[in-house]
Amino acid sequence: MVIFTSVNKRQMSTILRISILALLFIMAFSISAFAQTVDESVFRLDRFTVLIFVLVFSSAVLLYTNWARKGKELFVRKIPGIDAVEEAVGRATEMGKPVLFIPGISDVEDIETIAGLSILGRVAKITARYDTPLSVPVRYPMILAAGQEVVEQAYIEVGKADAYDRDMVKYVAGEQFAFTATVNGWMMRERPAANIYMGAFFAESLLLAESGNAAGAIQIAGTARPEQLPFFIAACDYTLMGEELYAASSYLSREPLLLGGIKGQDFVKVIIIICIIIGVLLVSFNIGDWFVNIFRVM
Amino acid sequence: MKKTVPVVVAFLAGFVMVISFFFNTEQIMNWLSVTFGMDSLHGKTMEGFVLQWVTIVSGFTLVLGVFSIVRVNARAVAKKSEGWFYKLLTVVSVFAMAIPAMLPVSKDTVGGKIVFGIFPDSWRALFGTGPTSIYDWLFTYLDQPMMETMFAMLAFFIASAAYRAFRARNAEATLLLLTAVIVMLWRVPMGEAFLRLFSDSLPNYIDLFIMNGFNVAVQRGIIIGAALGAASMSLRIMLGIERTYMGKG
Amino acid sequence: MEFWRKIMNIDRRWVYLLIALSVTFPMIVVIKFPVEVTPVARQLYDAIDKLPDSSVVMLTFDYYPNAAAETEPMSIAALHHMFKKDMRVVTLSNIPLGGPTIAERITREIAAEYDKVYGVDYVNLGYKANYNAVMHGLANSIESIFPSDYTNTPLKDLPLMDSVKNYDDIGFIYVVADNATVDYWIQIVNAQYGVPIGSGVTAVVAPKMYSFVNSGQMTGLLGGMKGAAEYEKMVGEEGKAIRGMDAQSMAHLAIIFLVILGNIGFFATRKKEGKES
Amino acid sequence: MEGISFLEHFQLWLRAYLILSLFSFLYRDNRFYRLSEHIFAGLSAGYYVGLIWQTVIIQQLVNPMVDNGEWWLVFPGLLGVLMFTRLIPKWSWVSRVSLAFVIGNTAGIYLISSLHGLILPQMLSTMNAVNTDGSFSSILLALVVIIGVISTLVYFYFSKEHKGILGVTARVGIWFIMIAFGAHFGYTVMARVSLLIGRVQFLYYDWGASIRQIF
């Protein structure tokens, strides 16, 4: 069974049993419902392409993860922005100044925030190891809870549980610009040596990054929002763009198991590029309607 | 137990959303509403049902937020550390805004009976979050101007960032600064007139090739790449491979 | 060379000062650069202008106060245009904060200039949550979604609403927005109920909207403060947008000047350093 | 601006004070900024308490349970209460269940929405970009879009070093990215400057009227 590779056996069997039960339930239900209302299909046939795509994508990721688990070497090229994270924390340690980490300003319902929290876990391990002060202001209480959990675990794993203070992660303000005003003021007063912004950012991206620059910090940003990237690129020392944000936590962890995800993504990316080229060629010869329609799912 | 339960819960919470995408879940909900007498589920989708749960769970965490902001600031106030007075103001502001908003506006509820037993009935308009409430006034005349001002400050920062970053250090930086300057010119009447000196259709070409060509293409490339990253991250979370947030680093 | 080195590492506060001056100066000394009207803005103006007098137009205030600098002048210019033509105006908002209060303030101010009466010539419906339900619901019956107006007056007490029951009675929807609601107005109301829609949006949202104009789903578009200035020019009511255009031009010029200055400095000092080494 | 009432004067001056105190941060951090900043932070936290209380706890939890008898909402309520175990260190692991529920839910949504809502439609419109009207500029535009999308995607390819053809394509990709970012930066300047103009207009016209009337 390729799935659930990193989970231990007991967990695996629990998950398996539950998902099989769920599937059985749905199948049984589908059949019974189908018997009652023949005119309406329970499975949404119009979404068949998506199902195939999800399956292809999942198998690619899981296959590479499984290879990694079996000890196959997976090559991932150097990503300069991510390497800079460790340097930045090192610099803060030398200067004896704090590291500021902002996991975006979205709530947990935004996957970018979760990517930011994963990176926070790696960064917290480094600060724990070197006893560098860490400050993580957040805008949503749910991120407060998740952030505290992440940072505490990092400190415990490095064996520095005593050094953990739960006010490292703090809820500062509810509204976007109130949050920014507070963090900007803090930056000017405390002068952090390294500012790391990882997650979903909106108009405040440049407000934060310019103030951080004025405060003299080395700055690394990462977001998947194309509309904010130009501002981070202009004002920060390193910027992780789009996909690099999601790759960062796996890359920093250096766990082969997590790198499997990146390899799987790359595999699907090649398929996407090939499909685009085929589609473009077919359409330009006016014989591509059938092919293009496969991708029409809205 | 400590590790298995969260992994299983995360998987199920995600799996429900996947299932409800591929199936017409309204029928499942209708079946539930008939079988278990859960009348108000009739006609709802499963996504909507689960998302309501998520909203409710998130709503409770607000207590943690208030607890955190009060504790961090109260600590500083108790120690009389530098700037404690400002921190006290923060705590006062939280309650000044929150308490009137939470008071009931109607006398018919249990809470209403107690509150209007103490306060005169005419104060009703000040409570809650309506147009005449304290909450609304504080928002309109204190929060609002500050939000607008922080937003407007971007004009200064966009200028200083442009000044510092837009230097022709190499090919990439040169492309960045050239397009930025051209687009900036194109967006104002004076600049547009200037561009028309070169060619009357230059402004249209900028719109067509830069905004609809380069801009659209790159946005698309980044969106596709980032979506792949997001999907792969989601899969890792659902399968418990990525568990930073629940105690596995 | 020392001069250029200083220029390159100039304190950022001088940059701020330059921007502040370039924005305030044109307010005191009015220069008035000419504002050219773009075809998409003209299209919107013509669509309203061609409507018969006294027809009913729906004007939305789908924006937060944050963006009011760009969108409020659009709403004002639109109201001038409509009241001048004796049209009747129904306003509403899909935004809980800002939109409804701004609508209330502006419509009353401008209606007073044209001696228009609330309830007869214009009505402010206010805000209702869930744009999806609102946009579909209005097709059926306005009263089902908004039983009463913004100030809680029942619709049946407002004479204007006697003749305005649903989209069939509305000649044009003029959406002013700073966010995605424009998409929904087009996808739901234009696509499914066929009401013509034109819009005024912030500069950040505008590029995306061009495709709707091109495909004919949208009748006319105003983008940012410049779009607002164009509309003010066509209506002949000079407002904050036209007055702001000078400041806009000056600020852009100031930033371009800074970029050029920085690059001259960059090359001047680089040459020097190259020779030294 | 005839006859501004006392309350209106007060509101105008309050707004003007807040605007100027925040702008003063541009010169340097100072006690006026600090005062506004701390009030702002507290108010905005309180604002969300009021908002969540009314729209979530009352409207989505209490009312449906009391009025419609939706008893099953006890379960999310319970999951919410579990979050409070964070305040007791020994039991704080229990809150992971609620966290896992919310985070797992996000993951499920994004797995589908990324693949279905983003990738497939974006692929579709890229392929359809070649549907041109045959004019030179429209063919050129189609080329720009297709080369741009593919080279940007290649730039984000992590599995091989960027050398050879891959390296060249990735380099084209970064050029495209820089042009697009420059354009976006330049485009946004207008919106941001407009906002500043809005503030200055308020100070000059509205607050100015109040000043003229008083003095």
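Predicted model: local features only at pLDDT ≥ 70, side-chain atom pairs only at ≥ 80, totals over all residues.

Biologist: Okay, chain A. What order do the strands of the sheet take?

Modeller: The order is 3-2-1-4-5-6. That makes 6 strands in an open sheet, with parallel pairing.

Biologist: Which strands stand at the edges?

Modeller: Strand 3 (169-171) and strand 6 (238-241) of chain A. Each has a single partner strand, so one side of each is left without a neighbour in the sheet.

Biologist: And how many degrees are neighbouring strands turned against each other?

Modeller: On average 15 degrees, direction ignored.

Biologist: Let's go to strand 5 of chain A. How many of its residues are buried?

Modeller: 6 of the 6, so strand 5 of chain A is largely enclosed by the rest of the structure. A:Ile218, A:Ile220 and A:Gly222 point one way. A:Gln219, A:Ala221 and A:Thr223 point the other way. Both sets are buried.

Biologist: How does the chain get from strand 4 to strand 5 of chain A?

Modeller: Through helix 7 (residues 204-214) of chain A. This β-α-β crossover is right-handed.

Biologist: How many bridges join those two strands?

Modeller: 5 bridges join strand 4 (residues 194-198) to strand 5 (residues 218-223) of chain A, and the two run parallel. A:Ala194 has A:Ile218 as its bridge partner. A:Asn195 stands opposite A:Gln219.

Biologist: What about strand 5 and strand 6 of chain A?

Modeller: They pair in the parallel sense over 4 bridges. A:Ile220 stands opposite A:Tyr238 in strand 6 of chain A.

Biologist: Now strand 2 of chain A. How many of its residues are buried?

Modeller: 5 of its 5, in residues 134-138, so to speak of strand 2 of chain A is to speak of a mostly covered strand. A:Leu134, A:Val136 and A:Val138 point one way, while A:Ser135 and A:Pro137 point the other.

Biologist: Which helix does the chain pass through between strand 1 and strand 2 of chain A?

Modeller: Helix 4 of chain A, in a right-handed β-α-β crossover. Strand 1 (residues 99-102) and strand 2 of chain A run parallel, joined by 2 bridges. A:Leu100 stands opposite A:Ser135 there.

Biologist: And strand 2 with strand 3 of chain A?

Modeller: They pair in the parallel sense over 3 bridges. A:Val138 has A:Tyr171 in strand 3 of chain A as its bridge partner. With helix 5 of chain A, these two strands make a right-handed β-α-β unit.

Biologist: Changing topic. How many residues of chain A are in contact with chain D?

Modeller: 51 residues of chain A are in contact with 47 residues of chain D.

Biologist: Which element of chain A gives the most to that side?

Modeller: Helix 10 of chain A, with 12 residues. Other elements giving two or more residues include helix 2 (48-69) and helix 6 (176-190) of chain A.

Biologist: How does that side split by class?

Modeller: It has 33 nonpolar, 7 polar and 11 charged residues.

Biologist: How is chain D itself divided?

Modeller: Into domain 1 (1-69), domain 2 (83-128) and domain 3 (132-215). The C-alpha centres of domains 1 and 2 of chain D are 31 Å apart.

Biologist: And chain C?

Modeller: Chain C has domain 1 (2-30 + 247-276) and domain 2 (39-238). Their C-alpha centres lie 41 Å apart. The C-alpha trace of chain C spans about 85 × 35 × 35 Å along its principal axes.

Biologist: How many helices and strands are in chain C?

Modeller: 12 helices and 6 strands. Of its 277 residues, 48% count as buried.

Biologist: I clicked on C:Gly223. Buried or exposed?

Modeller: C:Gly223 is buried. It has 28 other C-beta atoms within 10 Å, and the cut-off for buried is 20 or more. C:Gly223 lies in strand 6 (residues 221-223) of chain C.

Biologist: Which residues does C:Gly223 touch?

Modeller: C:Val201, C:Ala203 and C:Ala206, not counting residues up to four places away in sequence.

Notes. Residues numbered from 1 in each chain as written. Chains lettered and ligands numbered in written order. Pairing = 2+ DSSP bridges. Axes fitted to C-alpha atoms, helices over the stretch in contact; angles between N-to-C directions. Buried ≥ 20, exposed ≤ 12 C-beta atoms within 10 Å, placed from the backbone. Right-handed = clockwise from strand over helix to strand, strands pointing away. Contact = placed C-beta atoms within 7 Å. Nonpolar A, V, L, I, M, F, W, Y, C, P; charged D, E, K, R; others polar. Domains from an automatic or database assignment.
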